[in-house]
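The sequence and structure are shown below.

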Amino acid sequence: MSSTVYVDADSCPVKEEIIKLCGQYEKELVFVFSYAHNMFLPEHVKTVQVDVDKEAADLYLLQAVSRGDVCISQDHALASLLLIKGVTVLSPRGHVYMEEEMASMLQSRYAAQKARRAGRKTKGPRKFTATDREQFVHALELVLSTGN
């Protein structure tokens, strides 16, 4: 079973759902966010505030997580590094990242960044929906209940 659930919290749209499910499954919960974001979370939720540098939360998470932990993040690069450590990583839309898909995800991310630097417009993420929220709750509940 997973020991701790970490949240890359700066732009996480499912904070309340995470708090509720971790409470139900009695999981330790840690929200990691930068000083630039003010979050008002229940007292029982552990919080770690990091510097406002772009990668500060990622660097903290990389050092803090251990095999068997769970991390919620929409950052593909972070997910790829955490998977190597034996961490289960979910997106806020309920996608459970898998090692075998990371190369193509990172390649797509790189191509989009390169296009933006060249002045081309790229598509951003699609709007977060109620269905995304439901899929996330289902995925997290499955992970917490089975330890996968």
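**Salt bridges**

The side chains of Asp-132 and Arg-93 meet in a salt bridge, with N and O 2.6 Å apart; the term denotes a side-chain nitrogen of Lys or Arg within 4 Å of a carboxyl oxygen of Asp or Glu. Asp-132 lies in helix H5 and Arg-93 in the loop between strand E5 (88-90) and H4, so the pair ties together parts that are 39 residues apart in sequence. Helices (H or I, at least four residues) and strands (E, at least two) are DSSP runs, numbered from the N terminus.

The model is a predicted one, in which local features need pLDDT of at least 70 and side-chain atom pairs count only at pLDDT 80 or more, whereas totals for chains, interfaces and linings use all residues. Residues are numbered from 1 along each chain as its sequence is written, and side-chain values use heavy atoms, with hydrogens and water left out.

A search of the whole structure finds two salt bridges. Glu-17 and Arg-133 form a salt bridge in which the closest N and O atoms are 2.9 Å apart. This pair links distant parts of the chain, with Glu-17 in helix H1 and Arg-133 in helix H5, 116 residues apart.

Buried means under 20% relative accessible area, exposed over 50%, and partly exposed in between (1.4 Å probe, protein chains only).

| Residue | Relative accessibility | Class |
|---|---|---|
| Asp-132 | 2% | buried |
| Arg-93 | 22% | partly exposed |
| Glu-17 | 16% | buried |
| Arg-133 | 29% | partly exposed |

**Architecture and confidence**

The secondary structure comes to five helices and five strands. From the N terminus on, the elements run β-α-β-β-α-β-α-β-α-α. Of the 148 residues in the protein, 40% are buried. The accessible surface (Shrake-Rupley method, 1.4 Å probe) comes to about 8,900 Å², of which 52% belongs to carbon and sulfur atoms. Among contacts (heavy atoms within 4.5 Å) between residues at least 6 apart in sequence, 49% join residues at least 24 apart.

The average pLDDT, the predictor's confidence in each residue from 0 to 100, is 86, and 84% of the residues score at least 70.

**The interior**

A nonpolar core is a set of buried Ala, Val, Leu, Ile, Met, Phe, Trp, Tyr and Cys residues joined through side-chain atoms within 4.5 Å. The largest such core has 22 residues, of which Ile-18, Leu-29, Phe-31, Ile-72 and Leu-140 touch the most other members. E1, H1, E2, E4 and helix H5 (130-146) are the elements that give two or more residues to this core. H5 supplies the largest share, five residues. Not counting residues up to four places away in sequence, Ile-72 touches Val-5, Tyr-6, Val-7, Asp-8, Cys-12, Ile-18, Leu-90, Pro-92, Phe-136 and Leu-140. Apart from this core lies another, of 17 residues, among them Val-50, Leu-78, Leu-82 and Val-87.

In helix H2 (residues 56-64), Ala-56, Ala-57, Asp-58 and Leu-61 are buried. Their cover includes strand E1 (4-8), E2, strand E3 (46-50), strand E4 (70-72) and helix H3 (76-84).

In H3, the buried residues are Leu-78, Ala-79, Ser-80, Leu-82 and Leu-83. At the start of H3, a side-chain oxygen of Asp-75 reaches to within 2.9 Å of the backbone nitrogen of Ala-77. Just after H3, Gly-86 takes a positive phi of about 85 degrees.

**Loop residues**

Most residues other than glycine have a negative phi. Glu-26 is not a glycine, yet it has a positive phi of about 50 degrees. Glu-26 lies in the loop between helix H1 (15-24) and strand E2 (28-34), and at 72% relative accessibility Glu-26 counts as exposed.

Tyr-35 lies in the loop between E2 and E3. Tyr-35 is exposed, with a relative accessible area of 54%. Not counting residues up to four places away in sequence, Tyr-35 touches Gln-49, Val-50, Asp-51 and Val-52. Tyr-35 and Asp-10 are 25 residues apart in sequence, with their C-alpha atoms 9.5 Å apart in space.

Terms used. Polar contact = N/O pair within 3.5 Å; in protein donor to acceptor, adjacent residues only side chain to side chain.
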